[in-house]
Each structure stands twice: as structure tokens, then as C-alpha cells.
Amino acid sequence: MAEVLRDQITADLTKIFNETMGDWEYSGEITPETRLFADLGLESIDLVALGGAIEEHYRRTFPFAQWLTQLRDLQVDDIRVKDVIQFLHENLQQTPVGESS
């Protein structure tokens, strides 16, 4: 897969947020510093839905469970949009299992 730029991931993620969480109460601008739980009010089930929407958008699976376990082990108290962007950027640079370059 060609390199996906962070700006494109940011735009994709904003679109996915708006489509997935269309009826949420958050009215502020989503920035890299926006926190998923404290600012956006997401709950764990919302994170599952968001993960599914991201996988559908990019037409591939991502190791969300491993990433979230790693964040928990690091005692990260909230996930910022920039963390999701970094996670996607790193994973989109890799060839999905079962696909050839």
C-alpha cells in the first residue's frame, strides 16, 4: 500500500468520527489533542464502533486489541486523537497479513 500521509489520516479520522458519532453532544473542533473519553465522551462500546468504522474505511483489520492492552499497561488514562493517528500511520505503512507488496 502506498504511504498514507498523516494529513490524510487526520482527514479520514475526522470524517469517520462525524459519520460514526453523528448524534453526539460534542460540538467543539476535533484536534490532535482532543481526548476520546474526557472530551468526546466516548465509552468503551463507542471505541469498538469507531474501530469497526476505521477498519471498514481502510478495508483492512488493525491490531486494536493489542494496542489498547499496551496503552492500559502503560497506564494511559485517555486516548488523544493524535494517538489514534500515530497508531493508524504506523499500521498503514505495513502490508496487511495475507497481502503481498
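**Pocket and helix packing**

Guide: Let us begin with the lining of the largest pocket in this predicted model, which by class has nine nonpolar, three polar and one charged residues.

Visitor: How is such a space found in general, and what is the volume of the largest pocket?

Guide: Rolling a probe the size of a water molecule over the atoms shows where empty space is left. In this structure the largest pocket has a volume of about 210 Å³, and of the 13 residues that line it, L47, V48, G51, F64 and L68 are the closest to its centre.

Visitor: Which helices supply at least two residues of that lining, and which one gives the most?

Guide: Helices α2 (44-58) and α3 (64-73) each supply at least two residues, while α2, with eight residues, gives the most to the lining.

Visitor: Turning to helix pairs, at what angle do α1 and α2 pack?

Guide: One reads the angle between the axes together with the distance that separates them. Here α1 and α2 pack at an angle of about 125°, and their axes are 10 Å apart; angles from 65 to 115 degrees would count as roughly perpendicular and those over 145 as roughly antiparallel, so α1 and α2 are oblique to each other. Their crossing is right-handed, and the contact joins I9, D12, L13, I16, F17 and T20 of α1 to A49, L50, A53, I54, H57 and Y58 of α2. By class, this contact of α1 with α2 has nine nonpolar, two polar and one charged residues.

Visitor: How do the axes of α1 and α4 cross, and which residues meet there?

Guide: The axes of α1 (residues 6-20) and α4 (residues 81-92) come within 10 Å and cross at roughly 120°, and α1 and α4 are therefore oblique to each other. In this pair α1 passes α4 in a right-handed crossing, where R6, I9, T10, L13 and F17 in α1 meet V81, V84, I85, Q86, L88, H89 and L92 in α4. By class, the contact of α1 with α4 has eight nonpolar, three polar and one charged residues.

Definitions and conventions:
Residues are numbered from 1 along each chain as its sequence is written. This is a predicted model: local features need pLDDT of at least 70, side-chain atom pairs count only at pLDDT 80 or more; totals for chains, interfaces and linings use all residues. Side-chain values use heavy atoms; hydrogens and water are left out. Axes are lines fitted to C-alpha atoms, for helices over the stretch in contact, and angles run from 0 to 180 degrees between N-to-C directions. Helices (H or I, at least four residues) and strands (E, at least two) are DSSP runs, numbered from the N terminus. Angles under 35 degrees count as roughly parallel, over 145 as roughly antiparallel, 65 to 115 as roughly perpendicular and the rest as oblique. A crossing is left-handed if the near helix is turned anticlockwise from the far one by less than a right angle, and right-handed if clockwise. Contact means heavy atoms within 4.5 Å. Ala, Val, Leu, Ile, Met, Phe, Trp, Tyr, Cys and Pro count as nonpolar, Asp, Glu, Lys and Arg as charged, and the others, Gly among them, as polar. On a 1 Å grid over the protein atoms alone, a cavity is a set of points where a 1.4 Å probe fits but cannot get out, and a pocket is an open set with protein on both sides within 12 Å along at least five of seven lines; lining residues have an atom within 4 Å of a point. Grid points are joined across faces, edges and corners, and a volume is the space filled by probe spheres set on the points.
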